[in-house]
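Please examine the structure shown below together with its sequence. The paragraphs that follow lead through selected positions along the chain.

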Amino acid sequence: MILGMSLSTFTILHTAISLVGIVSGVVVVFGLLSGKRLDRWTALFLLTTVLTSVTGFMFPFDHLLPSHKVGMISLVVLAFALVARYSIRLAGGWRRTYVLTAVMALYLNVFVLVVQSFLKVPALHALAPTQQEPPFLVAQLIVLAIFIWLAIAAVKGFRDDNRRALRQAA
């Protein structure tokens, strides 16, 4: 039992939170690409992404797993995103810090989604049963390349509002 739920019920809850985090994160990143803050989507993304990592630590385990390491990295990244977004309110270089950490937090969720997909989806598992095979590595490299591009584009798209206004007026 975890939080009064069976392991299977808790797994479904954890997975649902993760998927909401990924979907809302995609919305937030596309908002960043076009220079929009999307405050409610951002709050949902950050909350569900924190909850994804926190609930991941609640599963029974007897030693530190790679998923725990990803969860720890995600929580550190999210701490910077939360400080940049809500405490410092995107002032100065913290605007770029927020964009990069938001994209990185989404990447980490998608990274885990790919890992879990290759573990749980029979057709993918058959292609890469140990996750050392080329199909898994290619999938992760494609995801990484997409997120590097998204991070660069989001930094460019989510510039200071004053600079954007000046560029549009010119």
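A residue is called buried when its relative accessible area is under 20%, exposed when it is over 50%, and partly exposed in between, with a 1.4 Å probe and protein chains only. The model is predicted, so that local features need pLDDT of at least 70 and side-chain atom pairs count only at pLDDT 80 or more, while totals for chains, interfaces and linings use all residues. Residues are numbered from 1 along each chain as its sequence is written, and side-chain values use heavy atoms, with hydrogens and water left out.

Helices (H or I, at least four residues) are DSSP runs, numbered from the N terminus. Leucine 3 belongs to the segment before α1 (7–33) and is exposed, at 62% relative accessibility. Leucine 38 sits in the loop between α1 and α2 (39–56); its relative accessible area of 29% makes it partly exposed.

Backbone geometry is the next topic. Most residues other than glycine have a negative phi. Leucine 3, although not a glycine, has a positive phi of about 50°, and for leucine 38 the phi is likewise positive, at about 50°.

Two buried positions follow. Arginine 85 is part of helix α3 (residues 66–87) and is buried, since its relative accessible area is 6%. Leaving aside residues up to four places away in sequence, arginine 85 touches Arg37, Asp39, Thr42, Leu90 and Tyr98, where contact means heavy atoms within 4.5 Å.

Alanine 128 lies in the loop between α5 (122–127) and α6 (134–157) and counts as buried because its relative accessibility is 0%. With residues up to four places away in sequence again not counted, alanine 128 touches Phe118, Glu133 and Phe136.
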